Amino acid sequence: MVSNREYIQLVDRLTEMTQNGVMRWNRYEPPTNMVDTENNINFVYTTIYNRKNIRIYEEDYKYYTDESEYYWSKRVVIEFIDESLNSVWQFPKITNSWNLLDAVRYEDAGVADFMKSILG
């Protein structure tokens, strides 16, 4: 089995590859089977690397403290998916997954090109 440290290293490498333009992500609306009254997902991002389909997204979900008491919480999900967009396996929850999602969103929004056009 792989250690958490190795997952952290892997996600750091995916982040670097995204920031360097080696890995390109596509943005999509979440499939209807991913969203219900217990959660909210705005967008999902997918890429293919080494013949693996990878999906990342931010999920707002209800965290229950009692049967009827909850608060909204957030998490980043990174997972392998099949050709039908079904989750095959999820990465463990690690803090640097937020860095990868931020890098993906930064590239998707075209921030670097925008800044370059304004600042020269």
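Which residue just after helix 2 takes a positive phi? Gly110 does, with a phi of about 70°. This is a predicted model, in which local features need pLDDT of at least 70 and side-chain atom pairs count only at pLDDT 80 or more, while totals for chains, interfaces and linings use all residues. Residues are numbered from 1 along each chain as its sequence is written, and side-chain values use heavy atoms, with hydrogens and water left out. The protein contains three helices and six strands, where helices (H or I, at least four residues) and strands (E, at least two) are DSSP runs numbered from the N terminus.

**Overall architecture**

- Read from the N terminus, the elements follow the order α-β-β-β-β-β-β-α-α.
- The C-alpha trace spans about 55 × 40 × 30 Å along its principal axes.
- The protein has 120 residues, of which 34% count as buried; buried means under 20% relative accessible area, exposed over 50%, and partly exposed in between (1.4 Å probe, protein chains only).
- Among contacts (heavy atoms within 4.5 Å) with a separation of 6 or more, 41% join residues 24 or more positions apart.

**Surface and charge**

- The 13 positive and 19 negative charges have mean positions 7 Å apart. Lys and Arg count as positive and Asp and Glu as negative, while His and the chain ends are not counted; each charge is placed at NZ of Lys, CZ of Arg, CG of Asp or CD of Glu.

**Helix 1**

- Helix 1 has 16 residues and reaches 23 Å from its first C-alpha to its last, close to the 22 Å expected at 1.5 Å a residue; the expected span is 1.5 Å times one less than the number of residues.
- Its buried residues are Tyr7, Val11, Leu14, Thr15, Met17 and Thr18. They cover an arc of only 165° around the axis, which puts them on the same side of helix 1; the arc is that of the directions from the helix axis to the C-beta atoms.
- An α-helix has 3.6 residues a turn, so residues three or four places apart point the same way.
- The buried residues of helix 1 pack against strand 3, strand 5, strand 6 (87-90) and helix 2.
- On the face turned away from the buried side, helix 1 carries the exposed residues Arg5 and Gln19.
- Gly21 follows helix 1 and has a positive phi, near 80°.

**Helix 2**

- Helix 2 (residues 97-109) has 13 residues and should span 18 Å at 1.5 Å a residue, which agrees with the 18 Å between its end C-alpha atoms.
- Ser97, Leu100, Leu101, Ala103 and Val104 are the buried residues of helix 2. Seen down the helix axis, these residues fall within an arc of 160°, so they line one face of helix 2.
- The packing partners of the buried residues of helix 2 are helix 1 (4-19), strand 3 (44-49), strand 4 (52-64) and strand 5 (70-81).

- Helix 3 (residues 111-119) is hardly covered, and the count of buried residues among its nine residues is zero.
- Gly120 follows helix 3 with a positive phi, near 85°.

- Met34 lies in the loop between strand 1 (26-28) and strand 2 (39-40), and Met34 is buried, with a relative accessible area of 14%.
- Leaving aside residues up to four places away in sequence, Met34 touches Asn39, Ile41, Val44, Arg55 and Tyr57.
- From C-alpha to C-alpha, Met34 and Ser87 are 9.9 Å apart in space, and the two are 53 residues apart in sequence.
- Asn50 lies in the loop between strand 3 and strand 4 and, although not a glycine, has a positive phi of about 50°. Asn50 is exposed, with a relative accessible area of 64%.
- Arg51 is found in the loop between strand 3 and strand 4 and has a positive phi of about 60° although it is not a glycine. Arg51 counts as exposed, at 82% relative accessibility.
- Val2 is placed in the segment before helix 1 and is partly exposed, with a relative accessible area of 41%.
- Val2 and Gly110 are 108 residues apart in sequence, with their C-alpha atoms 34 Å apart in space.
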